[in-house]
Amino acid sequence: MRVDEVLANSPAQQAQLQPGDILIRLAGQPITSLKSYADLLRALKAGEKIELQFRREQDLKTVDIVPVER
């Protein structure tokens, strides 16, 4: 899933995601579509650190993020 926008003060901004990054895995699970990403986010607990893997250009990166309650 491609990142189109990064909101200020969001977990995505804290993870230093940028528009154009491609999300690959969240909490060890593959991200295959917007629906799979949304389903994974709903299953996570706010405040619990998880691993996010993404691709930026040719580089594969892994960062820890902490989801917030919405």
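**A first look at the fold and Arg56**

Modeller: The protein's secondary structure amounts to 2 helices and 4 strands, where helices (H or I, at least four residues) and strands (E, at least two) are DSSP runs numbered from the N terminus. This is a predicted model, in which local features need pLDDT of at least 70, side-chain atom pairs count only at pLDDT 80 or more, and totals for chains, interfaces and linings use all residues. Residues are numbered from 1 along each chain as its sequence is written, and side-chain values use heavy atoms, with hydrogens and water left out.

Colleague: What pattern does the protein follow along the sequence?

Modeller: Read in that direction, the pattern is α-β-β-α-β-β.

Colleague: Switching to Arg56, which strand is Arg56 in?

Modeller: Arg56 belongs to strand 3, which covers residues 50-56.

Colleague: And why does Arg56 count as buried?

Modeller: Arg56 counts as buried because its relative accessibility is 18%, and buried means under 20% relative accessible area, with a 1.4 Å probe and protein chains only.

Colleague: Which residues does Arg56 touch, leaving out those up to four places away in sequence?

Modeller: Arg56 then touches Gln16, Leu17, Gln18, Asp21 and Lys61, a contact being heavy atoms within 4.5 Å.

Colleague: What joins the side chains of Arg56 and Asp21?

Modeller: A polar contact of 2.9 Å links those two side chains; the term means a pair of N or O atoms within 3.5 Å, where, within protein, one must be able to donate a hydrogen and the other to accept it, and residues adjacent in sequence count only if both atoms are side-chain atoms.

Colleague: Back to the whole protein, how much of it counts as buried?

Modeller: Of its 70 residues, 27% count as buried.

Technical notes
Buried means under 20% relative accessible area, exposed over 50%, partly exposed in between (1.4 Å probe, protein chains only).
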